[in-house]
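Here are some notes to read alongside the model. Please keep the structure open and find each residue as it comes up.

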Amino acid sequence: MAPCIHKRRPAQTEEEDNEPTDLLVKKSIKELNDDEICIDSVIYNIRDFKHPGGSIIKIFGGNDVTAQYKMIHHRHSLKEDHFLGKMNAVGKVTDFDPEYEFGTEFEKEIKREVFKIIKAGKDFGDWGYFIRAFMYISFMLAVELFWLFSGSTPTLAVLLGVASAFIGLNVQHDSNHGAASKKPWVNEMLGWGADLIGGSKYSWIEQHWTHHAYTNHMEKDGDAISAEPLMLFTDYPKGDPRRRWFHSFQVLYFLPLLSFYWLSSVFNPQLIDLQQAGTKETMNWDNRYVKSKIGISLLIHGIYVLWNVVSPFYYHSAGTAIYHIWIFSSVESLMLSGLFSLSHNFEGAERDPTKDHREKGEKIDWFKAQVETSSTYGGTISGWVTGGLNFQVEHHLFPRMSSSHYPKIAPTVRRICKKHGVKYAYYPWIHQNFIATLKYMYKAGIGNWEFEALHGKA
């Protein structure tokens, strides 16, 4: 299904609010205004809705958020009518055409068994998570202070890259999923970690939540197309116009290209208007809430650039300063983008999960698709370093569950996947996942690949 390019309709006026609510409106998805969202074809007005997770939900105003709602509120499926009944339903969309289905037996059994392990209200970060977060934040602040007041060095550059990656993996990630704490202000505060390592929490949410909703979708997953045209994460058919001759060699420049992730994030023009480029064909970010956050985002980003990019030039010659910046940016880039790239690009990964919907009109089991487009490697110790993102399967099934709980539920998830015949990719060691990713990148680059997935035992 081709993505819909949205055109903004002005937000409701007070006069429109006073219209009788018993006459439900009908409109297309692209006609939704800033205060409206669509869930399962029903239009809800969220302008005055006091969401327990905070006002961040207004970032999605003007969009169909069916997949996003269901993936984040994993316990709401038990009483979905009860929770949705708290919002103001004002109409229905006329062009709702879902690709995914929810509530399958596979999903129900996974939730039933996982909820026996993680009780309601206990999904958020435990003491272990907050102790690790405190350690990573303290490490980051210490390195930053030395960088600013003592001057950059090659050693500090490596440490700054590592510290920044730890913030990105362990602190801001859980927080910007709303998973660190039940208290919105805690998630809000820790979520600014995305800005303190050179990005933007709002741009990150725009891209990352869309990635979760449509993982490996050939048109809607911004992560899947983020490196194009230089590199292909999607295995397009031979002859596809998006293919270039140099993609046959992409396995050779895969890691060097990823080392520029920091550069593409810090100096990305989309930070100016917070219109995330990789998802704007699928989602509409041109709403009042997003616009209200541009000022604070630019201010924090300016401070970041002065602190981390400009300050080395005060202490050193231009060549030395650039050298130090290159070191820390490369370390941060490879730790972040390198680890993220393993998660969905490996031999055996489902790279076209909605093919049956596109060709046969069949709805796709969203839970099954999340498992078969993701991989898990290592165990608890790897989770402490990567913020639990080594448990990518579990993370995609329960994205608003703190990463501290994934080691506890992983054996159960694997068991139920095996019972239902759902492919679960597990690698005991990270190097096995890395090798599988390199093989995939090569075969996706040449456009002709058949494989047997590399598997290990838990």
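**Notes on the predicted model**

1. Lys108 is partly exposed, because its relative accessibility is 41%, which lies between the 20% and 50% limits for that class. The structure is a predicted model, so please read every value here as computed from that prediction.

2. The side chain of Lys108 forms a salt bridge with that of Glu105, at 3.8 Å from N to O. Why are Lys108 and Glu105 separated by about one helical turn? Both belong to helix α4, residues 105-117, and they are three residues apart there, so about one turn separates them. Glu105 counts as exposed, because its relative accessibility is 53% and the class begins over 50%.

3. A second salt bridge joins the side chains of Asp126 and Lys408, again given as 3.8 Å from N to O. This pair links distant parts of the chain, 282 residues apart: Asp126 is in the loop between α4 and α5, and Lys408 is in helix α21 (residues 406-420). Asp126 is partly exposed at 26% relative accessible area. Lys408 is also partly exposed, at 41% relative accessibility.

4. Asp240 and Arg242 form another salt bridge, with their closest N and O atoms 2.9 Å apart. Is Asp240 buried or exposed? Asp240 counts as buried, because its relative accessibility is 15% and the limit for buried is under 20%. Arg242 is partly exposed, with a relative accessible area of 35%.

5. Over the whole structure, the search finds 19 salt bridges.

6. Asp365 needs a separate comment. This residue lies in strand β7, residues 364-365. Asp365 is buried but has no salt bridge, and the nearest side chain of opposite charge, that of Lys368, is 7.1 Å away. What the side chain of Asp365 does make is a polar contact with the side chain of Thr104, at 2.9 Å.

7. Next, the sheet. Five strands form an open sheet in the order β1-β5-β3-β2-β4, and their pairing is mixed. Which strands are at the edges? They are β1 (25-27) and β4 (63-64), each of which pairs on one side only. Strands of a sheet pair through backbone hydrogen bonds, and the pairing can be parallel or antiparallel.

8. Within this sheet, strand β3 (residues 42-45) and strand β5 (residues 88-93) run antiparallel and are joined by four bridges. To find one example, look for Asn45, whose bridge partner in β5 is Asn88.

9. On the surface, Trp127, Ile131, Phe134 and Met135 form a nonpolar patch, and together they have about 560 Å² of accessible area. Phe134 is found in helix α5, residues 127-149. Phe134 counts as exposed, because its relative accessible area is 58%.

10. The last point concerns Trp384, which is found in helix α19 (residues 380-386). Trp384 counts as partly exposed, at 44% relative accessibility. How many residues separate Trp384 and Tyr129 in sequence? They are 255 residues apart in sequence, while their C-alpha atoms are 8.6 Å apart in space.

How values were computed
Residues numbered from 1 in each chain as written. Predicted model: local features only at pLDDT ≥ 70, side-chain atom pairs only at ≥ 80, totals over all residues. Heavy atoms only, no water. Pairing = 2+ DSSP bridges. Helix = DSSP H or I, 4+ residues; strand = E, 2+ residues; numbered from the N terminus. Patch = residues over 30% accessible without salt bridge, like charges linked within 9 Å, V, L, I, M, F, W, Y side chains within 5 Å. Areas by Shrake-Rupley, 256 points an atom, 1.4 Å probe, with all protein chains shown as cover. Salt bridge = Lys/Arg side-chain N within 4 Å of Asp/Glu carboxyl O. Buried < 20%, exposed > 50% of the residue type's maximum accessible area, 1.4 Å probe, protein only. Lys, Arg positive; Asp, Glu negative; His and termini not counted. Polar contact = N/O pair within 3.5 Å; in protein donor to acceptor, adjacent residues only side chain to side chain.
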